[in-house]
Amino acid sequence: MKKTIARWLDSDVGHSFRSSPVAMLAAAIAFVCVFCAVFAGWVSPHNPFDLATLELGDARLPPAWSTEGTTKYLLGTDDQGRDILSAVIYGARISLIVGLVSVMVSVFVGVFFGLLAGFWGGWLDAFLMRVCDVMLSFPPILVALLMAGVGRALFPDAPTSVAFGVLIISISLTGWVQYARTVRGSTLVERSREYVQAARVTGVSPWRIMMRHVLPNVMGPVLVLATIQVATAIITEATLSFLGVGVPPTSPSLGTLIRVGNEYLFSGEWWITVFPGAMLVLIALSVNLLGDWLRDALNPRLR
């Protein structure tokens, strides 16, 4: 493991990372956010979803540094007496899971169809690209909002896992298009290379050529796009939850916490919505900065 990390740090990408303070700061922020979200049960001071520990008498307490605040709740409490710091940590876990899984689904579907369109060409390429054009004509948030609303209407009493699945599919429904178009363009270039022609001459099957030869050479732009799209997926999930069609109310994400706090924003309880919003901004900004760095690091013209 140490040798692998040392080898990566000595590579061109590792050198670019070590020489970029913005990338290192963004990576540190992203690591802290992901670490707290993954180990929320150990990091958070309270379990905000344990009803037995909630005290309505502690509802809407200000942060600890305020006059009426208490060190028991460092960032204050919401309208139900839940610790804001703990709720933000648990909410970040839900937002990160939905964002990462939806991007993984989009990458899998988009890379598969992009390889088919670029390698085979012909009517299959024309058909898939027209499907992409149709999907791009609809605003992604509108499609996700429609799918999430229809899913909740069809499965009103569905378990939490089904609700999460509908939300992930609704975000991935338009997300795969960008990966398909990116992979298709790179595959059109790679399929005319000498190594592909040599593999065809030696009798290698088209599927093996696509998976073993073409796919590794077209994944660079996909990794950059996926890194940036993680932030977009997290914001989309937060938007849907803010509108009330995202994750179930029993598992509130950052968007749900912002929506709840928005009702008390003008009555003076600003901390209920500001801290979840700040967490969302930190996650999205750090991921976007990492994506921008990765795009420049993988571009040989900018080295």
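Q: What should I know about the model before I start?
A: This is a predicted model: local features need pLDDT of at least 70, side-chain atom pairs count only at pLDDT 80 or more, and totals for chains, interfaces and linings use all residues. Residues are numbered from 1 along each chain as its sequence is written, and side-chain values use heavy atoms, with hydrogens and water left out.

Q: How many residues does α3 have, and what span does it reach?
A: Helices here are DSSP runs (H or I, at least four residues), numbered from the N terminus. The expected span is 1.5 Å times one less than the number of residues. α3 has 18 residues and runs 25 Å from its first C-alpha to its last, close to the expected 26 Å.

Q: Which residues of α3 are buried?
A: Buried means under 20% relative accessible area, exposed means over 50%, and partly exposed is in between (1.4 Å probe, protein chains only). In α3, the buried ones are Ala 23, Ala 26, Ala 30, Cys 33, Cys 36 and Ala 37. An α-helix has 3.6 residues a turn, so residues three or four places apart point the same way. The cover over the buried residues of α3 includes α2 (12-18), α4, α5 (84-120) and α12 (271-297).

Q: Is Val 32 buried or partly exposed?
A: Val 32 sits in helix α3, and it counts as partly exposed because its relative accessible area is 46%.

Q: Which residues form the nonpolar patch on the surface?
A: A patch takes residues with over 30% relative accessible area and no salt bridge, joining nonpolar side chains (Val, Leu, Ile, Met, Phe, Trp, Tyr) within 5 Å and like charges within 9 Å. Here the patch is Phe 31, Val 32, Val 34, Phe 35, Val 38, Phe 39, Trp 42 and Val 43, with about 810 Å² of accessible area together. Two elements give two or more residues each, α3 (21-38) and α4 (40-43); α3 gives the most, with 5.

Q: Where is Arg 191, and what does its side chain reach?
A: Look in the loop between α8 (160-190) and α9 (194-201). Arg 191 is partly exposed because its relative accessibility is 28%. Its side chain reaches the backbone oxygen of Phe 119 at 3.3 Å. Arg 191 and Gly 118 are 73 residues apart in sequence, yet 8.1 Å apart in space, C-alpha to C-alpha.

Q: What about Ser 186: buried or exposed?
A: Ser 186, in helix α8, counts as buried because its relative accessibility is 18%. Contact means heavy atoms within 4.5 Å. Leaving aside neighbours within four places in sequence, Ser 186 is in contact with Val 218 and Pro 221.

Terms used: Areas by Shrake-Rupley, 256 points an atom, 1.4 Å probe, with all protein chains shown as cover. Salt bridge = Lys/Arg side-chain N within 4 Å of Asp/Glu carboxyl O. Polar contact = N/O pair within 3.5 Å; in protein donor to acceptor, adjacent residues only side chain to side chain.
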